[in-house]
Amino acid sequence: MSAVEFVGPPPKQRNTKHARIAAELRAHPSVWGVVQKPTSIARAASAAQAIRRARLTAYEPAGSFEAVARTVTDGDATEYRVYARFIGGHQ
């Protein structure tokens with residue numbers, strides 16, 4: 001028996017967390033969703049920029065998603081959030 005399983009080429013898109021997030025956003029075009037809650041506003045801003053610029057293939061083509069970072073305070077609790085939405089484009 002062979003140690004290699006020959007099943008064809010790998011899928012173009014891996015089933016990553018970002019692939020699932022992008023798919024959900026595409027299913028609800030123009031609707032904002034909270035996609036991450038990082039530990040700092042700098043991390044939130046970096047993640048939002050990565051989504052806008054499609055640094056990950058899940059968000060291609062660049063410009064098809066809007067994303068922003070926000071600090072949300074409720075009483076004494078502070079949260080950093082990344083909001084994103086699908087605005088168009090084709091893969």
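In what order do the three strands of the open sheet stand? The order is 1-3-2, and the pairing is antiparallel; two strands count as paired if DSSP finds at least two bridges between them. Helices (H or I, at least four residues) and strands (E, at least two) are DSSP runs, numbered from the N terminus. The model is predicted, so local features need pLDDT of at least 70 and side-chain atom pairs count only at pLDDT 80 or more, while totals for chains, interfaces and linings use all residues. Residues are numbered from 1 along each chain as its sequence is written, and side-chain values use heavy atoms, with hydrogens and water left out.

Strand 1 (33–36) and strand 2 stand at the edges of the sheet with a single partner strand each, so one side of each lacks a neighbour there. Strand 2 and strand 3 run antiparallel and are joined by 10 bridges. Within this pair, Ala69 stands opposite Val82 of strand 3.

Helix 2 packs on the sheet and touches strand 1, strand 2 and strand 3, where contact means heavy atoms within 4.5 Å. The direction of helix 2 makes about 160 degrees with that of strand 2; axes are lines fitted to C-alpha atoms, for helices over the stretch in contact, and angles run from 0 to 180 degrees between N-to-C directions.

The largest nonpolar core has 17 residues. Such a core is a set of buried (under 20% relative accessible area, 1.4 Å probe, protein chains only) Ala, Val, Leu, Ile, Met, Phe, Trp, Tyr and Cys residues joined through side-chain atoms within 4.5 Å. Leu25, Ile51, Tyr59 and Val82 are among the residues with the most contacts inside this core. Helix 2 supplies the largest share of the core, four residues.

How values were computed. Buried means under 20% relative accessible area, exposed over 50%, partly exposed in between (1.4 Å probe, protein chains only).
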